[in-house]
Amino acid sequence: MTDYRQKYKMTPVLGWLLQDRGGMILLGILLLGCIVIPIGNLVVPAGSAFHVPTWMLGLLGKYLCYALLALSVDLIWGFCGILSLGHGAFFALGGYAMGMYLMRQIGDRGVYGDPVLPDFMVFLNWKELPWYWYGFDHFSFAVLMAMLVPGILAFVFGFLAFRSRVTGVYLSIITQAMTYALLLAFFRNDMGFGGNNGLTDFKDILGFDLQSDQTRCVLVVASAVMLGICYVVSRGITQSRLGKVLIAIRDAESRVRFTGYRVEYYKLFVFTVSAVMAGIAGALYVPQIGIINPGEFAPAASIEVVIWVAVGGRGTLYGAVLGAFIVNYAKTFFTGVMPDFWLFFLGGLFIAVTLFLPKGVIGAIPAFAGAGAVGASGTSGGWRDRLAAWRGNQGGKA
Amino acid sequence: MSTAEDLLAEESRMIQSEKAATILYVDGVSVTFDGFRALNNLSFYVEPGELRAIIGPNGAGKTTMMDIITGKTRPDSGDVLFKSDVDLTKLDEADIANLGIGRKFQKPTVFESHTVFDNLLLACSGGRGVFQALFHRLANREKQRIEETLATIRLGDLRDMMAANLSHGQKQWLEIGMLLMQEPQLLLVDEPVAGMTDSETEQTAILLRDIAKTRSVVVVEHDMEFVRDLDCKVTVLHEGSVLAEGRLDSVQKDPRVIEVYLGR
């Protein structure tokens with residue numbers, strides 16, 4: 001049991017960091033990765049068992065970005081009950097902002113050699129750069145836009161949705177509609193974002209070759225650092241009184257209103273913060289993957305993120321990171337070994353987790369069993385109990 | 001001057017003074033849901049520091065009345081004034097809560113994933129802004145108030161218990177405690193003793209009478225024994241309007257009330 005007198009005497013930031021075992025482990029692993037991965041890739045010779053091959057850098061970088069995206073979804077879903085099925089849109093917008101910078105960096109090295117226009121614009125016979133491409137030759141501007149554009153979209157979307165008190169499954173559906181609308185828009189050539197093919201053929205970032213191992217190591221480390229920072233920020237939000245209000249909204253929204261809180265402002269705040277995080281994840285993802293296309297807006301991609309969070313353990317933050325790594329590693333593995341079975345596996349995984357691990361993988365680890373969103377009000381007991389209960393239900397129906 | 005004008009002036013003065021003395025002024029309120037008249041020209045007044053019980057059969061409009069006062073539902077017509085000058089029909093739930101009107105739901109509604117202590121902390125009066133909440137640190141004054149409330153609702157030993165694990169009666173009390181933390185001037189309490197044991201019911205009556213010493217309390221209740229324990233003025237609602245008003249004994253003798261409750 002927590003002794004409040006002691007708890008509140010501690011420096012708050014240090015207090016909630018030290019009390020957070022899962023978070024400490026996560027931050028420790030990220031820190032270790034930041035040291036080991038570059039050394040393993042750049043210093044350890046290729047023949048050694050400890051060598052980190054370049055393909056693995058790409059994979060790790062991708063997983064880290066997905067983990068950050070999952071974290072942003074957990075922040076709103078796990079702590080405020082906002083189930084966004086369109087978070088891929090914010091990720092993709094952040095990715096496009098970075099992609100536009102990388103396109104401008106190509107300069108006259110494109111196939112058509114135009115010093116200003118990207119290849120696809122030359123191909124479409126465009127004579128000059130559209131106004132919304134201005135400024136993207138500056139890295140700092142692109143980074144700013146990678147956060148601002150998703151943030152503003154989330155703010156406007158959230159303002160309208162939350163003010164009208166759209167909640168639950170209705171909100172989920174309109175987030176799907178939002179990402180689908182963006183998908184269709186970005187498919188159009190005359191949008192000026194490369195249409196179907198998106199943005200690709202990037203050469204370098206800030207003057208460093210994107211294909212070089214050094215640059216790739218820096219990008220992986222940057223992704224890990226951003227994940228760590230966003231984790232600490234998210235943890236700080238959830239541990240504050242604001243975080244307590246968010247959980248209260250999740251559990252009893254009308255009670256929060258009658259207690260005098262403006263629920264819509266709280267939702268708007270956390271939704272916007274979450275969208276900015278998703279945008280950052282997208283901006284880190286694109287230089288490491290080397291392409292961004294409208295496929296990232298696909299509704300199915302956003303739904304997959306929710307599965308990562310559910311698998312890892314909703315409402316824990318570190319669970320979302322774990323879930324993103326587990327599911328994406330499984331995806332890499334299965335699509336390599338038996339590609340036809342991946343979607344069956346994913347569907348089965350989601351059903352299995354919902355039935356037997358309502359608190360996700362994290363909830364199945366005894367040391368972390370108390371953590372998580374479903375903790376207090378959900379059915380307690382381990383997976384064995386769940387299985388027994390489920391069998392009982394089946395028997396009852398038969 | 002004609003007598004008619006005199007009378008009119010006199011009447012408006014009386015209405016004015018009546019309004020001035022009220023903390024809650026509900027006048028001629030009607031509301032219709034899909035053709036069903038939930039409230040029909042409902043009028044009643046609550047004075048500062050008054051404890052009032054509202055009874056009535058199912059569907060009499062008790063909960064709708066609370067929804068209107070707390071801003072959840074807008075009336076089709078009529079006035080709802082708080083402290084005789086704030087028009088509640090123009091405000092939303094959060095505004096009304098911050099004005100000093102607290103509401104307890106019929107089904108105990110507490111924040112289940114929070115401890116008893118945190119439940120009270122969230123209800124603690126004070127800044128409700130997003131950024132105030134983000135950078136909020138527990139002040140000694142707040143802690144002291146939470147401790148006092150814990151003592152009042154007798155949950156001091158359970159302060160670190162998750163609210164989800166409380167018994168039904170304890171949740172009811174916690175919710176009342178949360179309302180007290182809001183420091184409301186008017187408390188609306190919807191069936192506070194539903195599902196409580198006899199001794200819990202008795203204690204709740206004592207608690208509410210205590211609370212009514214410093215603020216106005218409106219209690220909606222079915223349980224006649226409990227209403228008797230409250231020992232206060234009773235308003236009987238029927239089909240969306242006031243059927244009778246007065247002490248419980250006199251109200252219970254009213255033939256119309258007997259018919260509504262026992263007849264048909």
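Reader: Why does T238(A) count as buried?

Author: In this predicted model, T238(A) has a relative accessibility of 5%. Buried means under 20%, so T238(A) counts as buried. The residue is placed in helix α9 (residues 213-239) of chain A. Leaving aside residues up to four places away in sequence, T238(A) touches L75(A), F79(A), G243(A), K244(A) and L317(A).

Reader: What makes the aromatic pair of F90(A) and F271(A) edge-to-face?

Author: A search of the whole structure finds 27 aromatic pairs over all chains. In the pair of F90(A) and F271(A), the planes stand at 85 degrees and the centres are 5.8 Å apart. Planes over 60 degrees apart count as edge-to-face, so this pair is given that name. F90(A) lies in helix α5 and F271(A) in helix α12, 181 residues apart. Both F90(A) and F271(A) are buried.

Reader: Why is the pair of F334(A) and F345(A) called stacked?

Author: The angle between the planes of F334(A) and F345(A) is 25 degrees, with 4.3 Å from centre to centre. Planes under 30 degrees apart count as stacked, and therefore the term applies to this pair. Because F334(A) lies in helix α14 and F345(A) in helix α15, the pair ties together parts that are 11 residues apart in sequence.

How values were computed:
Residues numbered from 1 in each chain as written. Chains lettered and ligands numbered in written order. Predicted model: local features only at pLDDT ≥ 70, side-chain atom pairs only at ≥ 80, totals over all residues. Heavy atoms only, no water. Helix = DSSP H or I, 4+ residues; strand = E, 2+ residues; numbered from the N terminus. Buried < 20%, exposed > 50% of the residue type's maximum accessible area, 1.4 Å probe, protein only. Contact = heavy atoms within 4.5 Å. Phe/Tyr/Trp six-rings, centres within 6.5 Å; stacked < 30°, edge-to-face > 60°.
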